[in-house]
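Please find below a short note for a colleague who has the sequence and the model to hand. The points are numbered so that each may be checked separately.

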Amino acid sequence: MSLEKKILNFLKGPKKGETFELKAGLVSQYKHERKDAIQRVIQAMTVGKDVSSLFPDVLKNIATYDLEQKKLVYLYMMNYAKTHPELCILAVNTFVQDTEDTNPLVRALAIRTMGCIRVDKMVDYMETPLRRTLSDDNPYVRKTAAICVAKLFDLNAEMCVEFGFLDDLKRLLTDSNPMVVANALSALYEIRDMNRDPDLHVLTIDQQLVKTLMACLNECTEWGRITILSSLADYHTDDPEEALHIIERSIPQLQHVNPSVVLSSIKVVIQHIDSLPNQATKSNFLKKLSAPLVSLVSSSIPEAEYVGLKNIRIILEKYPQVLTKEVRVFFIKYSDPLYLKLEKLEIVIRLANESNCALLLSELKEYAMEIEPALVSKSIQAIGAVAIKLSSSVVQAANLLISLMEQRGGELIINEAVGVFTQILRRYPGRNDLITLIVPLISNHIDELTDPQSLAGYVWLLGEYPKYFTALKTKLETLVENFLEYDSLLQLSILTSVVKVNLVLPSAGCSSLLQRVLEKATKECENADVRDKAFIYWRLLSTSSSEAQQSVIAAKMPPIKTTISSFNPVVLDALIKELSTLSSVFHKPASTFIDPTAYASLDSQTATKVSSNKANLADLTKKAKQEIINNARNENLLDLDDEEYDQSSHTNVDGTPSLLDELNDLFNVPTTVSDSNSSTQNQAGGSTNAILDLFGEAQSQKKANTIIDDFDQLGLNDYSGTKNGSGQSNSPQHKSNTNNDLLDLF
């Protein structure tokens, strides 16, 4: 079999199917067909199809001056690099050459792709190009290389520190370009999170750096501003003038269109506002936060609005006076999703005051008439929260709940309203106007109470205000009869109410009920809390001391102050420092849900293995060759015209050299870039030597030229023609370029 036929058989794919068509297009002699095939491969990859088998063929198209095609090939490599780690090193030479390209876009693309290929074998080749791009004349290349340092640190932290890339990154913080400064700062933050070496000092935000960052703030993109603002928020100063200067430089960012920039600016203001000595100045700055916070809930994206509401809830906990006049902004819209409606209710009850309570209660009544059960329940609870918070609105809120029970009724509204009424009477104990208004209403709806919480509230009312209930003994007898069927919450309430009725109102004749309930609680009940409480009551009641009995009567809980949930002060301080992060959405400090070992540095064994990649390069190359041969064999199993392979040797059945022998040295990729400024004579001699090296010293010059001519006939010299801008394929210069580009092809 001729060499040309062997190479054609190698380049051929399956004879039918999409993979065969793509493979044929990738090795076409026409560059537009190759580019079209690459585009189709990327399309297939985007929709989730596995096109990793085309990796060697796509890789051959990496050497091109078509920027669009180069981007597509690089994108393909980033996606499938981990599936073909041995083949990725074949593109190293092209990467290194691209970092020296005259086009800054190509230089940045090359170093970005090298950083995105998460293969340990690529680390050894990144030193020279990364060092070159970090000091590049173009700021776009420098800012791209800055991010690449963080990726290198993730792959091999020891190498990154040893070669001084971390120091180079710190020097970029004083760069003249604001975006380079922002990217360097972002990379250092990432490295600080990944670092597990206590002796390695990554980043220190000092006064000089803060001045530099504030100077760059207005010149950065939105993501650069977020990084800088986060750094300013982390910086702590005791100097009031410096804190005032930081706040003043951050205030203009409150008008930014990006909500994340707005939140980051608010975070800076809140972090430094406590350093200001003047209370009037603090109040003025807090007033300036009102409009930006309102803009967060004016977004057309519900998810973004939800994040804004979560952050506003934290801020209101710390500074409740910020949005006192903006309650209308948080009224529910009919088009809001349910999670937004519930979160808005949490905000409006915190904004309730004497001036807006009437408007707010009428609005909450409308929400309680909706059809969503969660919204109805939350609205009724919000009415009770406003009544408990504002004593002047309690009667209005009680009448509003009564009208809801009469107009709409239903099990849900009645149960929720009874629970709210109980909380109101706990907040305002002994108010006869509320007792006479609420107790008769609850007595008329006893049969509709099914929720344990509302039943427990009703039972508490029986023991707290027994004089206001008719047929009290009958009501208690029903509860005692079914005592063991209730849950522990209701059992505890029944036990307490029966004891209190016997002590407060002995004339009710409930002594027999007391004996029965104590016996059931101590002998038949399985809950330990209920049994212990029953034994305590029994011991107190069995004494002859009237003082002990009076102590039971006088044992009343202090009035509740609010039903609005609040954060623990320690948690609140942590959440204030973590505004505009996931912590503000979860309402949990980051330490409670982020694994501290999320970024684990390489252990000594892995680091030693990575550092010895060069020593194992021969084995790596062997694997790459064998993988391509196996792919060629597997893809041509149905090709009856192909020669059979002898699995026990590297020769075919007919004794001719196998494909492995013919392409044995095609993978001898140089690890360093040759000098591009050598003379023409050296180029000619170097081309001949390169060909001899390409095919091994044991092969002849004639055989090398034959292979090159065969490749020329197959159209694989198109890149060389493009590079030289000449169509003369027989010229000596063209032949020399073809020889050089053959190295880049693989």
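The points that follow concern a predicted model.

1. Helix α27. This helix covers residues 452-464 and has 13 residues. From its first C-alpha to its last, α27 reaches 18 Å, close to the 18 Å expected at 1.5 Å a residue. At the start of the helix, a side-chain oxygen of Asp451 comes to within 3.2 Å of the backbone nitrogen of Gln453.

2. Two packed helices are described by the angle between their axes and the distance between the axes. For α29 (residues 488-504) and α31 (residues 528-542), the axes come within 10 Å and cross at roughly 10 degrees. Angles under 35 degrees count as roughly parallel, and α29 and α31 are therefore roughly parallel to each other. On the side of α29, the contact is made by Ser488, Gln491, Leu492, Leu495, Thr496, Val499 and Leu503. On the side of α31, Asp529, Val530, Lys533, Ala534, Tyr537 and Leu541 take part. By class, this contact of α29 with α31 has 8 nonpolar, 3 polar and 2 charged residues.

3. Thr99. This residue is placed in the loop between α7 (92-98) and α8 (104-116). Is Thr99 buried or exposed? Thr99 counts as buried because its relative accessible area is 1%, where buried means under 20%. A polar atom of the Thr99 side chain lies 2.5 Å from the backbone oxygen of Val96. The side chains of Thr99 and Arg132 are joined by a polar contact of 2.9 Å. Leaving aside neighbours within four places in sequence, Thr99 is in contact with Arg107, Ala110, Ile111, Pro129, Arg132 and Thr133.

4. Asp175. The loop between α12 (165-171) and α13 (178-194) holds Asp175. This residue has a relative accessibility of 16% and so counts as buried. Which backbone atom does the side chain of Asp175 reach? It is the backbone nitrogen of Asn177, at 2.8 Å. Apart from neighbours within four places in sequence, Asp175 is in contact with Arg142, Val180 and Val181.

5. Backbone of Ala471. Most residues other than glycine have a negative phi. Ala471 has a positive phi of about 55 degrees, although it is not a glycine. The residue is found in the loop between α27 and α28. With a relative accessible area of 48%, Ala471 is partly exposed.

6. Backbone of His587. A positive phi, of about 60 degrees, is also found at His587, which is not a glycine. His587 has its place in the loop between α34 (582-586) and α35 (604-611). At 13% relative accessibility, His587 counts as buried, whereas Ala471 is partly exposed.

Terms used: Residues are numbered from 1 along each chain as its sequence is written. This is a predicted model: local features need pLDDT of at least 70, side-chain atom pairs count only at pLDDT 80 or more; totals for chains, interfaces and linings use all residues. Side-chain values use heavy atoms; hydrogens and water are left out. Helices (H or I, at least four residues) and strands (E, at least two) are DSSP runs, numbered from the N terminus. Buried means under 20% relative accessible area, exposed over 50%, partly exposed in between (1.4 Å probe, protein chains only). A polar contact is a pair of N or O atoms within 3.5 Å; within protein, one must be able to donate a hydrogen and the other to accept it, and residues adjacent in sequence count only if both atoms are side-chain atoms. Contact means heavy atoms within 4.5 Å. Axes are lines fitted to C-alpha atoms, for helices over the stretch in contact, and angles run from 0 to 180 degrees between N-to-C directions. Angles under 35 degrees count as roughly parallel, over 145 as roughly antiparallel, 65 to 115 as roughly perpendicular and the rest as oblique. Ala, Val, Leu, Ile, Met, Phe, Trp, Tyr, Cys and Pro count as nonpolar, Asp, Glu, Lys and Arg as charged, and the others, Gly among them, as polar. The expected span of a helix is 1.5 Å times one less than its number of residues.
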